[in-house]
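Take a look at the model below.

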Amino acid sequence: MTAHTHNAPLPRRRKRIHPLDVLKHVALAVGALISLFPFYWMFVLATHPSSAIYKFPPAVLPGDRLGTNLETITSKINIWAAMGNTLVVALSVTVLGLFISSITAFTFAKFEFPGKRGLFLIIMATFLLPAQLASIPQFLLMSKLGWTGDLKALIFPSLASAFGVFWLRQYATNSISTELLEAARMDGCGFFRQYLHVCLPIIKPALAFLGMFTFIGAWNDFMWPLIVLTNPDKLTLQVALSQLKTAHGSDYGMLMASALIAVVPLILVFIIGAKQFIAGIAEGAVKA
């Protein structure tokens with residue numbers, strides 16, 4: 001009986017809940033609900049006729065007009081083709097842009113070469129130039145190449161990102177140790193093997209963030225596609241959706257349904273990218 005008493009587990013002490021912690025969680029929950037409400041309101045309006053936006057009190061529950069609004073959209077524009085074009089552009093810009101930005105940032109962060117500082121300053125100086133200023137020379141260049149009206153005119157000018165190079169360079173400088181690269185060189189790793197097997201696994205959280213940022217920017221781009229796309233079959237989603245609004249009035253139910261179509265892929269990309277970003281940070285913290 002005595003042995004049984006000694007082996008019995010001690011009662012677990014219940015953690016005391018501090019009122020300040022409760023207030024923090026309540027505030028975070030309220031902030032999350034406020035942030036999510038516009039998306040819910042957009043979904044509600046997408047399921048109602050246009051007159052629902054003028055009702056008081058407004059409708060707060062979904063209706064039964066989502067299918068009708070989607071049919072109206074597809075009868076006016078080829079939204080699925082536009083979404084496919086946008087997906088091709090966004091994925092191409094994201095994948096190729098991440099490769100170019102990461103390999104450039106790795107070179108600037110961990111290697112020495114003549115003119116390194118001056119070249120990096122030139123890249124950073126492009127931050128001072130607004131995108132609108134480059135539209136005319138960029139359009140003239142696309143015209144000489146014969147790319148106007150084609151998706152190539154959207155993909156290739158967007159591959160080099162000064163922000164991407166700056167962001168990944170700062171991350172690589174602080175995260176990749178020189179000793180690790182020297183050990184890789186002693187094992188016979190060349191530049192590309194160092195990039196693939198040392199650099200990429202370490203900067204994965206920064207790549208996840210930059211990938212989200214780049215994809216969302218390419219997906220939502222409107223001004224440059226509007227200027228350079230002259231072929232109706234090559235329109236991107238944002239340009240195609242802009243054709244739904246007419247001067248004789250707007251069908252807000254249809255517009256909200258089109259906005260819903262445009263925003264759902266971005267939400268999925270954000271969820272996947274945020275998960276990778278947080279997992280990469282957690283993995284780095286455990287290794288540290």
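The protein chain holds 14 helices and zero strands. This is a predicted model. Read along the sequence, the pattern is α-α-α-α-α-α-α-α-α-α-α-α-α-α. The chain has 288 residues, and 32% of them are buried.

Next, the surface. The protein chain exposes about 18500 Å². Carbon and sulfur atoms supply 68% of that area. Which residues form a nonpolar patch on the surface? They are Ile 17, Val 22, Val 26, Val 30 and Ile 34. Together they have about 470 Å² of accessible area. Val 26 sits in helix 2, which covers residues 19–46. Its relative accessible area is 45%. Val 26 is therefore partly exposed, because that class lies between the 20% and 50% cut-offs. A patch residue needs over 30% relative accessible area, and Val 26 has 45%.

Now the open space. Rolling a probe the size of a water molecule over the atoms shows where empty space is left. The largest pocket has a volume of about 1200 Å³. It is lined by 39 residues. Closest to its centre are Ala 131, Pro 157, Ser 158, Ala 160 and Ser 161. Which helices each supply at least two residues of the lining? They are helix 4 (79–110), helix 6 (135–145), helix 8 (162–175), helix 11 (204–220) and helix 12 (223–228). Helix 4 gives the largest share, with eight residues.

Last, the charges. Side chains of opposite charge can pair when their charged atoms come close. How many salt bridges does a search of the whole structure find? It finds two.

Lys 116 has 15%, so Lys 116 is buried. The buried class means under 20%, the exposed class over 50%.

The other salt bridge joins Lys 152 and Asp 150. Here the closest N and O atoms are 3.3 Å apart. Lys 152 is partly exposed, because its relative accessible area is 32%. Asp 150 has 24% relative accessibility, so Asp 150 also counts as partly exposed.

How values were computed. Residues numbered from 1 in each chain as written. Predicted model: local features only at pLDDT ≥ 70, side-chain atom pairs only at ≥ 80, totals over all residues. Heavy atoms only, no water. Helix = DSSP H or I, 4+ residues; strand = E, 2+ residues; numbered from the N terminus. Buried < 20%, exposed > 50% of the residue type's maximum accessible area, 1.4 Å probe, protein only. Areas by Shrake-Rupley, 256 points an atom, 1.4 Å probe, with all protein chains shown as cover. Patch = residues over 30% accessible without salt bridge, like charges linked within 9 Å, V, L, I, M, F, W, Y side chains within 5 Å. Salt bridge = Lys/Arg side-chain N within 4 Å of Asp/Glu carboxyl O. 1 Å grid on protein atoms, 1.4 Å probe; cavity = no way out; pocket = protein on both sides within 12 Å on 5 of 7 lines; lining within 4 Å. Points joined across faces, edges and corners; volume = space filled by probe spheres on them.
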